[in-house]
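Let's take a walk through this protein together. Have a look at the model, and then we'll start with one of its pockets.

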Amino acid sequence: MELRTAGPNVLGRCNKAIITKDDTIIVAGSDHKAAIDQRVEQIKDQIALTKSTYDKEKLEERLAKLRGGIGVIKVGGGSEVEVGEIKDRIQDALCSTRAATEEGMVIGGGFTLFYAARALDGLKGATAAEQEGIDIIKKAVQLPARTIAENAGHNFNEIRAKLLKDNDISQGFDSSKGEFTDMVKAGIIDPTKVVRCALQDASSVASLMLTTECIIVEKKEDKPAGGMGGMGGMDY
């Protein structure tokens, strides 16, 4: 069948179609649930058979659009800047949710890496240099939790001591309220993929810096504060 010979009988129905230069969104589409379910099963079979990462991602995207719903979020604010800020936060939340659906979630506030550092306790380097590297990583992975707590005015050493004593990996410290809590119940969580990628990327950059043996940085210059122009006669 060619497009010029196609009639209304080959088309479905929808309540609304939103078409822009980049996207087409079809809302509340159709009474052909059985046909959609059949197509969903076909895509699932294709996902199981494909070996291409790209094809798998596109098939999963198509599958989500077929069996998922559409939500409309309307953003308002007192100014254009405020609206842009809120939209950015919503976009961040959507990206975090997508990441969480791929690999799950872990407790937030930096405490996943804080507890993960314990895996290095029994690890001993073969040389002094290796041991120094282990110690650096152990200290670095605790910095997110330390930074959040100290920025809120709390003593991280006391927090660290209590958490290690209680030995409950579901517990953390809510810096905004200044109290120890079950992080999942409190809604303080991070996507596993985000935490994993952050650690892997930091390790990659550190390895690159070590192997290149050279780093180019911009030198910070302390410039003296200059006086205001056009203020003659006030140098007494």
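Which residues lie nearest the centre of the second largest pocket? They are Ile 136, Ile 137, Ala 202, Ser 203 and Ala 206, out of 15 residues that line this pocket. A pocket here is an open set of points on a 1 Å grid over the protein atoms alone, where a 1.4 Å probe fits, with protein on both sides within 12 Å along at least five of seven lines, and lining residues have an atom within 4 Å of a point. Helix 5 (128-140) and helix 8 (192-212) are the elements that give two or more residues to the lining, and helix 8 brings the largest share, eight residues. Helices are DSSP runs of H or I with at least four residues, strands are runs of E with at least two, and both are numbered from the N terminus.

Before we go on, a word on the source: this is a predicted model, where local features need pLDDT of at least 70 and side-chain atom pairs count only at pLDDT 80 or more, while totals for chains, interfaces and linings use all residues. Residues are numbered from 1 along each chain as its sequence is written, and side-chain values use heavy atoms, with hydrogens and water left out.

Now step back to the whole protein. It has eight helices and six strands, running β-β-α-α-α-β-α-α-α-α-β-β-β-α from the N terminus on. Its radius of gyration, taken over C-alpha atoms, is 27 Å, well over the 18 Å that the globule rule (2.2 Å times the number of residues to the power 0.38) gives for 236 residues, so the protein is more spread out than a compact globule. The C-alpha atoms fill a box of roughly 85 × 70 × 45 Å along the principal axes.

One last stop is Asn 167, in the loop between helix 7 (156-166) and strand 4 (171-174). Its phi is near 55°, a positive value in a residue other than glycine.
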